[in-house]
Amino acid sequence: MVRTAVAFSPGHISGYFRRVEGIGPEDTGSVGAGVVISEGVRSTVEEARETGVRVVRQGHASAGSPPVEYALERLGITARVTTECRLPIGAGFGLSAAALLATLTAINRLFELGLSPDEVAARAHEAEVLHRTGLGDVAASMSGGIVCRTGAGIHGDITRIYPQEPLYAVSLGALPTASVLSSPAAMARIAAAFPDRCPRDLPDFCLLSRGFAEKSGLIAPEVRQVLVACDAERVPASMTMLGNGVFAAGDGAEQVLSLFGEVYRLRVARRGAYLIEVKP
Ligand SMILES: Nc1ncnc2c1ncn2[C@@H]1O[C@H](COP(=O)(O)OP(=O)(O)O)[C@@H](O)[C@H]1O
Ligand SMILES: CC(C)(COP(=O)(O)O)[C@@H](O)C(=O)O
């Protein structure tokens, strides 16, 4: 029987961020705030002669994941990887980081690499930064909570709070993270929009994120429509960074969002990436 290892990593909705340019990938990343969410990516890995990544979402499978393939290659390991998620990919739920963290957590155990959780995260962060699929998601998803990151990279300062209330999200389509991170004009607007304080609670997180979204110039017309509807019902809401989607909290949030698509009911995650099982 082929040995397999399975791990899970929560996703992360970024509310606001500012790129921090370091000397190398380890001190490059972002500062900002977001929510580590109960949904994320489950990854199953098994030994194989050649690396192959299968990405499964809602019964549909696609092949390949450049950041995950890169991370395995860097370790000098070949494996068959299957990632599974319910949330849409490329929609601002930090799934590239979750896929990396879950896969590397499983690989570490399957191949007895003896990497610490920080070493696993460092490798995931490097792959994210080099592929421009994220800047702060790995640091966030190493643990749970509403996070406020005041330093870049996985060793940057980070505070976490754990509210009990659910939050809701709707996706209107993908917004490839690399396309925004590669645009100097977008990055300059983003830097100017950055709110220089941490959120107190979930409604405050929505408020700070909304101010940032407005100033950043990233709100597409279809996202605007959802935000207008939330405002009319006094529902705190903002845009999922970086995706064409909206997250919202409090009474009425689920109902307003349901007018625009499938609503994901999410919890603030209590923990970061973890190993589920090793078989046999
Ligand atoms: N569930 C997943 N499994 C494997 N790779 C993934 C997954 N989600 C994202 N990726 C990788 O990240 C890229 C998209 O990155 P990005 O636009 O940052 O997505 P997200 O906003 O979901 O993090 C995909 O092209 C793929 O290579
Ligand atoms: C906003 C983003 C740069 C990308 O997030 P995503 O599209 O979810 O990969 C994030 O990594 C951050 O630094 O806050």
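A crossing of two helices is called right-handed if the near helix is turned clockwise from the far one by less than a right angle. With that in mind, welcome to this predicted model. Two parts are worth a visit here: the pair of helices α1 and α2, whose crossing is right-handed, and an open sheet formed by four strands.

**The helix pair**

- Helix α1 covers residues 66-75 and helix α2 covers residues 95-110; their axes come within 9 Å and cross at roughly 30°.
- On the α1 side, the residues that meet α2 are Pro67, Val68, Ala71, Leu72 and Leu75.
- Their counterparts in α2 are Ser96, Ala99, Leu100, Thr103, Leu104 and Ile107.
- Sorted by class, this contact of α1 with α2 holds nine nonpolar and two polar residues, and no charged ones.

**The four-stranded sheet**

- Reading across the sheet, the strand order is β9-β10-β8-β11, with antiparallel pairing.
- Strands β9 (237-239) and β11 (264-266) are the edges, each pairing on one side only.
- On average, neighbouring strands of this sheet are turned by 25° against each other, direction ignored.
- Strand β8 (residues 167-171) and strand β10 (residues 245-249) run antiparallel and are joined by five bridges.
- One residue to look for is Leu167, whose bridge partner in β10 is Ala249.

**Helices across the sheet**

- Helix α7 (residues 202-216) lies across β8, β9 and β10, and runs at about 45° to β9.
- Helix α8 (residues 221-232) also lies across β8, β9 and β10, running at about 15° to β10.

Definitions and conventions: Residues numbered from 1 in each chain as written. Chains lettered and ligands numbered in written order. Predicted model: local features only at pLDDT ≥ 70, side-chain atom pairs only at ≥ 80, totals over all residues. Axes fitted to C-alpha atoms, helices over the stretch in contact; angles between N-to-C directions. Contact = placed C-beta atoms within 7 Å. Nonpolar A, V, L, I, M, F, W, Y, C, P; charged D, E, K, R; others polar. Pairing = 2+ DSSP bridges.
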